Amino acid sequence: MAATQTEGRGSSSNKGATGGGFSFEMKMLLPVLLVLAVLSLFPFFYIIWMSLNTVSLLNGISFDFAGLSNWTRMFTDVVVGAAWVRSVIYFVATVGLEMILGIAIALLVHELVWGKNLVLSLLLLPMFMAPVIVGLLGRFLTDSSYGLYAYVLRELGIFDRDILGTGSSAMPAVILMDVWEWTPLIVLIVLAGLASVNQYVIEAAKVDGANYLERLRHIVAPSIAGVVIVALLVRSMDAIRYFDIITVTTNGGPGNTTKIIPIRLYETAFRFFDLGYAAAIGLGMLVFSILVATVFVRILESRGLAK
Amino acid sequence: MTTSSSSTRGVGKQAILYAILVLVLLWTLVPILWMVLSSFKPGVAQLSPTPVFFFRPTLQHYVALFTGGNLGAYFLHSVLAAGISTIIAVALGCLAGYGLARSHFRGKQHVAFWIISTRMAPIAAIVLPLFILFRYVHLLDSIPGLIVAYLTFNLPFAIWIMNAFFSDLPPSLEEAAMVDGASKFQAFYRVALPLVTPGIVTTAILCLVFSWNDYAFAATFAGPSSQTLPIAAAQLNTQTGLSWGQLTAIGTIVVLPMMVVGLAVRRYLVRGLTLGAVTGE
C-alpha cells in the first residue's frame, strides 16, 4: 500500500498523493521555511520600513515617518557615493587578486607529484581563521614598532612609514589581508575542477605535441570554466558580506581611505544613530548582492547544478 | 595516476614547482607561525624592535587571559552560541533539505532562490533591523539572541547544502524500504539520513566555523554577559593598551580548533563551500 504512494523517480507529481493535506515532504519542508521566513522576511520588511522613517534610539525607539527622504538623500550623498566607489575598488582588487593567485596556485599544486595533500592542507589554513583575528594579526605584523612585516619592509628599504596609518598604504594592506585569507578558497575550488579534467584528452594532446600552455588554453580552461565561475561568485558574495578585517584594522581610516560602504553604514547607524538612513544604505547593498546571487543561480541552473 | 609529469624533463620541472611553492607556503604560513610563536614569547622579547626568534617559551599570556581576562566565560559563550545554533541549523536543515530534495511543486526554483539569497544578504544590512527587533524582544546581550542571529545565516546554508546531498541519493533506496513496510519517516530517518552522514558532518562543521568566527553580529548584539572570543580579542587592543602577547594568545585559541575541524572534513569542503555546486575529490 505504501509503495503505491511513492513517486516514480520524480516523473509523477506529488499532487495526486497529497489528497487533502500536505504531502510528507511538504510537512518536513514548510515548518522550517516558516522559521526561515521569520528570520529573514521579517527583518527584510522591517528594514524597508526603517528606511522610510527617521529612527531615533533616544528614549527608547521612535519612528518618525519621513517618506523617501532617506532615499533621495542617499542618491545625492557625496560621502556615501565615495564609499561605494571605494567598495567597488576593494571588491575588484580583492576578488580579482584572489582569482588570479588562486588559479595560478591551483595549477601549481595540481602538477605536484608528492606531498600534494600536505601542501593543500597547509595552504588552506588561513581560510578557517576568524576574519577579525586575521585583521588583528595584520595589525600586529604591520605595527611600526614591533611588527615583523613592518621590520622587513623597513630593512629592505621598501616602506618605512606606519603601514595602516598612511593613506597610500592602508588600502593595499587591508586588501592583502583579505587576499591572504581567501585565496586558499579559490585554490580549493579550482583544484576540484582540475581533478575532473579528462586525463586521456590531456595525454592525447601531449602525444600530438601540444605544450603546457596550449593544453591549458584548449583543454583545461574550457573544462574548468564552470568551476571558476562558481568560485568567483561564491567569493564575490562573501566579499560583499564581510567587513570585519577593515573594522579592526583601520575602521575606515586614515582619512576615510578605507571607508567602504558597510563601514559607512555601520557608523551611520551606531555612531551617528541615524538608523533610518543606514537602512536605506543597507537596502542598496542588499540589491547589489541579490543581483550577484541571481547571476549565481542562473549559471548553476544553466549548468544543471541546481536541482 | 600521476600522469601529468612528463618523464623526460620531470625532475627539473618539479624542482621549479617546489621552489615557487615554498614561497607560496611562506606567504601563507609565516603569519600563523609568527602568531603562535609570539603567544609563547615573554613580554620583553615581545617589545624588541627587531624580531626575536629564540626565547624561553612562557605561558604567561595564556595565564593572564584566563585569570585576569575572564576568558573562560567568553570561551563558554562562544561554544554555546556557535554550538547550539549549529545543532538547530543542522537538524532543521536535514528536515527541510530532504523535503526540498524529494518534493516537486510549482515555484520550487523560487523557493530555492529565496533560501540561498537569505544566506548571501550583507551582514551590515541584516544587523540593522535585527538590532531594533532584538531591543523590542529583549534579545540584546543574550546567548539566545546570538543563536538567533547565527541562524539567519546557518539555517539557509544548512537547508541548501543538505538539499544538495539528499538530491544525490537515488530515491529508489527509500522506495525499496517502503516496499518492505517502512513509513516515509522511517525511510528518511533509517535509510536516507545515515547515507548523508558526510554531508551532515560537513554542514555542521561549516556552520560551526561561520558562527564561531563571527564578529559583526556579536559586536552589535553581545554585551558583558554574552561576549564571545572574537569580541574579546578585538577589545584587548583598545582597552588594556597594546598587549600583543595576549592578543596572539587569544588569536591562537580562536583559530586552532577551527583549523583542526576544518581540515577534518577537507574532502567535502568544496561541496560545502560552493553550496553544493562543485563536487570535490
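**Figure 1. Leu275(B) lies in the segment that follows helix 14 (266-273) of chain B.** Helices (H or I, at least four residues) and strands (E, at least two) are DSSP runs, numbered from the N terminus. Leu275(B) is not a glycine, yet its phi is positive, at about 55 degrees. Leu275(B) counts as buried because it has 25 C-beta neighbours inside 10 Å. A residue is called buried if 20 or more other C-beta atoms lie within 10 Å of its own, exposed if 12 or fewer, and partly exposed in between, with C-beta atoms placed from the backbone. This is a predicted model, in which local features need pLDDT of at least 70 and side-chain atom pairs count only at pLDDT 80 or more, while totals for chains, interfaces and linings use all residues. Residues are numbered from 1 along each chain as its sequence is written, and chains are lettered from A and ligands numbered from 1 in the order in which they are written.

**Figure 2. His138(B) sits in the loop between helix 6 (123-136) and helix 7 of chain B.** This residue, again other than glycine, has a positive phi near 55 degrees. Most residues other than glycine have a negative phi, and most peptide bonds are trans. His138(B) has 10 C-beta neighbours inside 10 Å and therefore counts as exposed.

**Figure 3. Gly253(A) and Pro254(A) are joined by a cis peptide bond.** Omega of this bond is about -10 degrees. Pro254(A) belongs to the loop between helix 12 (244-249) and helix 13 (261-270) of chain A.

**Figure 4. Helix 4 (residues 71-102) and helix 7 (residues 143-168) of chain B have axes that come within 6 Å.** The two axes cross at roughly 35 degrees; axes are lines fitted to C-alpha atoms, for helices over the stretch in contact, and angles run from 0 to 180 degrees between N-to-C directions. The crossing of helix 4 past helix 7 is right-handed. A crossing is right-handed if the near helix is turned clockwise from the far one by less than a right angle, and left-handed if anticlockwise. The residues of this contact comprise 23 nonpolar, eight polar and no charged. Here Ala, Val, Leu, Ile, Met, Phe, Trp, Tyr, Cys and Pro count as nonpolar, Asp, Glu, Lys and Arg as charged, and the others, Gly among them, as polar.

**Figure 5. Chain A and chain B meet through 88 residues of chain A and 89 residues of chain B.** Two residues are in contact if their C-beta atoms, placed from the backbone, lie within 7 Å. On the side of chain B that touches chain A, helix 1 (residues 10-39) of chain B gives the most, with 12 residues. That side of chain B contains 61 nonpolar, 22 polar and six charged residues.

**Figure 6. Residues 1-19 of chain A have a pLDDT below 50, whereas the chain averages 87.** In chain A, 92% of the residues score at least 70; pLDDT is the predictor's confidence in each residue, from 0 to 100. Beyond near neighbours in sequence, the stretch 1-19 of chain A has 18 contacts in the model. Where pLDDT is low, the predicted coordinates should not be read in detail.

**Figure 7. Chain B contains 14 helices and zero strands.** Along its principal axes, the C-alpha trace of chain B spans about 70 × 70 × 35 Å. Of its 281 residues, 48% count as buried.
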